[in-house]
Amino acid sequence: MKNLLAIVAAAILLSGCSANWGWYVVNPAIPKGMSNLEFLVSGLGYTVLLSVTAISISVVVGLLIALPGLAANRYLRGFNRVYVEGMRAIPILVLILWVYYGLPQVAGFTLTAFWAGVIALAVSDSAFEAEIFRAGIQSIDKGQFEAAHSISLSYTDTMRFVILPQAIRRILPALGNQLVYMLKMSSLVSIIGMQELTRKANELVVTEYRPLEIYTVLLLEYLVLILIVSAGVRWLERRMQADVRN
Amino acid sequence: MQTTDKWPIVSIRKVSKFFGDFQALKDVSLDVKLGERIVVCGPSGSGKSTLIRCINRLEKHEAGSILVDNVELNESRKGIDSIRTNIGMVFQQFHLFPHLTVLENLMLGPIRGRKMSKKDAKDIATRYLERVHIPEQANKFPRHLSGGQQQRVAIARALCMEPRIMLFDEPTSALDPEMINEVLDVMVELVNTGMTMICVTHEMGFARKVADKMVFMDHGEIVEMCEPEKFFTDPESNRCKNFLNKILHH
């Protein structure tokens, strides 16, 4: 991993020797470059807030959609299928545009770019979360449900105290994947004017005419952000494992 | 909800159960009185597990009726409540909750199922853990216990609900041979307290020792039902004789 990063860094630096690069736009050693960098990084807060809000909502909605998918009743299962297949089929960008420009016409209220982005990302992701939860819950031994039944736990208690704590441990890597995916997809919300990382870069490119350097910094911003998230998810996995190992 | 001697605590009347085209139970009838110990045996696939799972409504019967404490088991709330307050169950594969400690396994039912306070639940859990002779394992996770210890925890977990009937579904079949006795010993002690039980097992020594009534099942039917003495010395049906020959002669 370290070697790979070194090679990437070397490649970027070496290609910087050619006449095509102009690192001065983002050179922290000069005032202009420093203020440009600050401008680029200033979108970080919204990117994180947008992604975290959206994934929090989509995890809850995903779980609520997954549960009917596990029911004995075929209409409940049908509802789950329709939701999952339907939402999964909509491109995120299209959904963002639809929620921001289209929905207010029928809903009678306007949404800020932030909430339109959150709703579009959350709804789109919830279909995937639902499938992850369904698979996780189905992977739990049937005997766990029966044991919970035999000590008089209600359906809600069975899920809350017996099934989900076990299922979530198993689906944690998949949930981490979705969070990474969400961080990346949040860049699409730039299209409706959300002042997150990608939007900031776009705006800077328009004033500086240096897309190569600015988008390279943008790439690195996402890379660092996602490496931090990955490390966090791994730490959480280890901690939950340790819980069981004691 | 006073149970008298007049009606049995569990009454099974002409119960049938299908899995697709396969008929797992055929017109099975069985009465269990309070304090009675019934051992059910028979070849695999004979319907014995299905029968006791129907009593706990882990399986739904399709014909006939099952009454627990004179309340019929069907979709109604009342039937489900009757199971909750009356029946404890022990499974072949223990089915302990792996993410909870032994003590938490025992406390979950009393707290969430019986709405007891945490303190009372802990008291009752500690008491029954002592009853199965492993109070020192309270704070371990199930995976750190031997099979025999796990099954004893499972028995204690069921007892924490203070049921009036205990159902055992082949409680020693998944155990290494040297651990079978520690579980059977706990069950014998339970019998000595007067607990009503229905036990599916092939431990014939245990059956002979504790059973009031032996039930032999084959192909979804009760083929033979009698006292243990007669069952082991002079069974009436050939199917039962064959079965006993197979499991008793080594």
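This is a predicted model: local features need pLDDT of at least 70, side-chain atom pairs count only at pLDDT 80 or more; totals for chains, interfaces and linings use all residues.
Student: Where do I start with a pair of packed helices, say α7(A) and α8(A), and what is their angle?

Tutor: Start with the angle between the axes and their separation. Helix α7 (residues 142–150) of chain A packs on helix α8 (residues 155–185) of chain A at about 160°, and the axes are 10 Å apart. Angles over 145 degrees count as roughly antiparallel, so α7(A) and α8(A) are roughly antiparallel to each other.

Student: Which residues make that contact?

Tutor: From α7(A) come A:Gln144, A:Phe145 and A:Ala148, while α8(A) supplies A:Thr158, A:Met159, A:Val162, A:Ile163 and A:Gln166. Sorted by class, five are nonpolar, three polar and none charged.

Student: And how does α6(A) sit on α8(A), at what angle?

Tutor: Helix α6 (residues 113–138) of chain A meets α8(A) at about 140°, with axes 9 Å apart. That angle makes α6(A) oblique to α8(A). The crossing of α6(A) over α8(A) is right-handed. Among the residues in contact are A:Phe128 and A:Ile132 of α6(A), with A:Ile168 and A:Ile171 of α8(A). The contact divides into 15 nonpolar, two polar and two charged residues.

Student: What does α8 of chain A have to do with chain B?

Tutor: Look at helix α3 (residues 102–113) of chain B. Its buried residues pack against α8 of chain A, together with α4 (118–131) and α5 (147–159) of chain B. Those buried residues include B:Leu103, B:Leu106 and B:Met107.

Technical notes: Residues are numbered from 1 along each chain as its sequence is written. Chains are lettered from A and ligands numbered from 1 in the order in which they are written. Side-chain values use heavy atoms; hydrogens and water are left out. Axes are lines fitted to C-alpha atoms, for helices over the stretch in contact, and angles run from 0 to 180 degrees between N-to-C directions. Helices (H or I, at least four residues) and strands (E, at least two) are DSSP runs, numbered from the N terminus. Angles under 35 degrees count as roughly parallel, over 145 as roughly antiparallel, 65 to 115 as roughly perpendicular and the rest as oblique. Contact means heavy atoms within 4.5 Å. Ala, Val, Leu, Ile, Met, Phe, Trp, Tyr, Cys and Pro count as nonpolar, Asp, Glu, Lys and Arg as charged, and the others, Gly among them, as polar. Buried means under 20% relative accessible area, exposed over 50%, partly exposed in between (1.4 Å probe, protein chains only). A crossing is left-handed if the near helix is turned anticlockwise from the far one by less than a right angle, and right-handed if clockwise.
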